[in-house]
Amino acid sequence: MIKKKNNLKKLTFVVAPASDEGESLDFKKLVKHLEEKLETSINLKYSNSYKDALLSIKNGSAQLGWLGSYAYMKLDQQNTDIEPFAVGILKGRITSNYHSLFIVNSKSDIKKIEDLRTKSLTLSDKFSASGYEVPKYELENIGLPITNKKIYKNIYYVKNHDEAIKRVLQGSTDAAAISSINFEKWFKSNQKENRSLRVIYKSPAISGPPLVFARNLDPFFKDKIKSIVLDAHNHIDLGGYGGKMDRYIDIETSQTKHLESYIRPQWGWKTFVLISSFVSVLSFVVIDLEINFLKLLSDSTKYLGDILGRMLPPDFSNLKNLIYLMLETIEIAFLGTFLAIILSIPVGLLSARNIAPNYFIYIIARTITVFFRSIPEFIMAMILVIAIGFGAMPGVLALGFHTMGFLAKFYAEDIEHINKGPVEALKSAGASKRQIISFAVIPQIIPSFIGNNLYILDRNIRMATMLGIVGAGGIGYELQSSFRMFEYQKVSSIIFIIFVTIFLIDNLSSYIRSKVS
Amino acid sequence: MLLIKDLKKTFQNGTKALRGINLTVNAGEFVTILGPSGSGKTTLLRSINGLENIDSGKIVFGHRKIDNEYISYVQKKTGMIFQEYNLVNNLSSINNVLSGLLNSSSKFLSMFYLFTHKQKLQALQSLETVGLLDKAYSRVDQLSGGQRQRIGIARAIIKKPILLLADEPVASLDPRAANLILSLLKKICNEFNITIICNLHQVELAIKFSDRIIGLLDGSIMFDSSTKIIDTDYVQNIYREDNKGLTF
């Protein structure tokens with residue numbers, strides 16, 4: 001056993017003045033319990049200031065105590081003299097956290113802390129966390145540092161938070177920064193007048209103020225004190241800063257608890273609602289469409305194998321004719337895309353909300369784009385074949401008008417999302433609306449303009465291969481007649497040619513895109 | 001802890017970024033590399049953690065020369081913070097900080113942003129160190145520049161590195177935020193004993209916060225001096241804008 005040395009016969013437990021003495025800063029029971037367990041007499045001393053309390057532990061006239069949250073950190077940077085060892089959890093709470101609150105009289109017109117300019121403010125002792133350190137930091141953050149005397153009418157410093165509350169009630173100060181623990185206590189015990197104070201600001205959480213002892217105490221003795229305190233809730237009713245304590249816990253446990261109080265699930269309930277509703281809609285659709293995946297697998301593989309067998313090998317006997325038709329298809333797509341671009345520029349500009357001259361024109365342009373997008377080019381081509389006869393022209397017109405609807409929508413969206421800075425700069429230099437369009441709008445959308453046009457060209461070539469089916473020119477007519485005659489080997493050769501064409505076009509367009517952007 | 005010997009690097013366009021750098025950095029030091037833009041300080045920093053391949057010379061980290069095999073260990077032990085923060089803007093602060101732990105997390109679970117309780121506590125601890133615990137679940141794009149850089153620092157220190165590389169950490173910040181960030185780095189250097197190599201171009205900040213200043217100009221070291229004995233006028237003079245003799 002380590003030999004207990006000298007001055008431990010009489011200890012002093014010092015308490016910083018966070019509250020008025022009494023129930024809300026009650027260490028009597030804890031000290032009495034310690035006295036009994038340690039078989040030592042302990043003098044409980046309520047100090048008049050945070051600083052005195054702190055110094056008395058530093059100079060050895062007290063050995064343990066309670067100093068608030070910040071005092072020891074502030075004066076004892078390296079933590080050499082004072083060691084925190086336990087922190088109290090108030091009854092009904094999970095962590096020791098509390099906050100600094102800015103309070104005003106409810107009649108006051110101060111709504112937020114920014115309004116404190118030119119007002120008088122009451123703070124606590126310089127070593128109080130919630131009454132000085134935290135409010136100082138928060139005020140600095142909004143550009144009202146308390147060191148600048150000109151900002152405030154007056155700054156008062158009072159002994160503790162209860163005093164600060166009294167002053168706000170009396171009206172001798174406009175606002176005060178106090179600890180939430182004192183405020184809650186006051187709120188509970190003053191039901192009648194608790195509407196007369198209003199909280200205008202609540203700081204981030206401050207971790208609870210610990211019990212401390214002098215670091216140079218005998219280690220054996222320190223362990224003993226700590227274990228008695230951590231176990232005390234099993235024997236006595238505990239008190240402390242803020243009222244009745246549930247128990248005292250280890251500092252590290254407290255730190256973890258403090259951090260744990262911030263943990264939230266990585267995925268909120270909204271995500272789960274979203275996923276489960278999506279899954280239910282999906283299952284409803286599958287059931288409604290009477291889709292049977294097992295049947296699909298067993299039946300379709302059988303027939304798919306059969307038709308694939310009949311398609312191979314491809315028959316390239318009239319390759320020359322097919323290539324000629326493919327070229328015609330590309331020409332139709334090319335002309336159709338050109339038509340779409342020409343038509344979509346004015347319609348696109350007019351259907352952008354920020355460019356359209358007025359709402360009426362905007363709605364008309366929008367309606368045009370929606371109308372042409374809503375009619376599939378197949379239908380449009382069928383109608384045009386009836387109107388102007390077989391050949392390439394109905395294909396060109398159908399592709400042109402249908403994809404004009406898409407391009408105009410793309411342009412309009414790009415224009416609506418341009419960077420507004422250059423537009424403002426030109427406006428400030430007195431440019432006209434048309435000048436702004438050509439100098440600030442068009443250069444910004446050029447890269448996506450080219451990208452979109454290439455995409456539409458790519459798409460139109462794919463669609464043009466099908467348009468022949470309704471008689472609007474191109475390779476599609478050949479494809480359909482081969483199907484009708486059950487010449488599946490010819491079908492596969494046409495599919496192959498289409499594939500090669502699309503493959504080449506795709507590479508070409510991504511090459512062009514990489515060059516222009 | 002870090003030894004750089006005769007380090008050379010020439011870019012493909014012919015720019016000679018580093019022309020033979022010799023440098024030793026001791027554990028726990030706060031070293032500033034000072035130099036105007038284009039002096040090669042970013043290249044130097046990026047060669048240390050393998051973001052840039054070197055042409056010749058060697059870098060020794062701890063007791064071993066950095067090579068292809070060793071570099072992943074070096075990256076594990078090195079944190080980096082960037083001028084433009086390089087955070088994922090539409091993720092929360094805590095998810096950004098947790099991304100610093102991806103190296104040591106379950107590949108499958110982390111794909112779905114799932115982390116262990118311990119890792120979350122580590123992230124919150126990092127956020128508390130940089131003073132932004134209460135912003136843990138705010139999206140990064142709602143924070144100010146200084147706060148974003150503090151998230152960047154939290155992300156860098158969560159894996160408990162022994163070396164922190166800071167590439168112009170305050171170049172996009174106002175003077176007040178810049179002071180705050182550098183004093184935070186200083187605190188991290190002292191309290192966690194993390195070696196810091198920080199690129200700056202502001203002479204006053206370098207003198208105010210670092211232990212040692214290395215002056216870089218045109219890919220070569222001009223001076224290497226403890227801040228205690230540095231000749232301020234000499235340094236200021238080198239980086240004067242109108243110093244034609246030294247422009248390039």
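Trp66(A) stands opposite Leu211(A) in strand S10(A). The model is a predicted one, in which local features need pLDDT of at least 70, side-chain atom pairs count only at pLDDT 80 or more, and totals for chains, interfaces and linings use all residues. Residues are numbered from 1 along each chain as its sequence is written, chains are lettered from A in the order in which they are written, and side-chain values use heavy atoms, without hydrogens and water.

Strands are DSSP runs of E with at least two residues, and helices runs of H or I with at least four, numbered from the N terminus. Strands pair if DSSP finds at least two bridges between them.

| Strand | Residues | Bridges to S10(A) | Sense |
|---|---|---|---|
| S3(A) | 64-66 | three | antiparallel |
| S4(A) | 82-90 | five | antiparallel |

Leu211(A) is also the bridge partner of Ala86(A). Five of the five residues of S10(A) (residues 210-214) are buried, so the strand is largely enclosed by the rest of the structure; buried means under 20% relative accessible area, exposed over 50% and partly exposed in between (1.4 Å probe, protein chains only).

In chain B, attention turns to the largest nonpolar core, which has 54 residues. Such a core is a set of buried Ala, Val, Leu, Ile, Met, Phe, Trp, Tyr and Cys residues joined through side-chain atoms within 4.5 Å. Helix H7(B) (residues 175-191) gives the most to this core, with eight residues. Apart from it lies another core, of 46 residues, including Phe27(A) and Tyr98(A).
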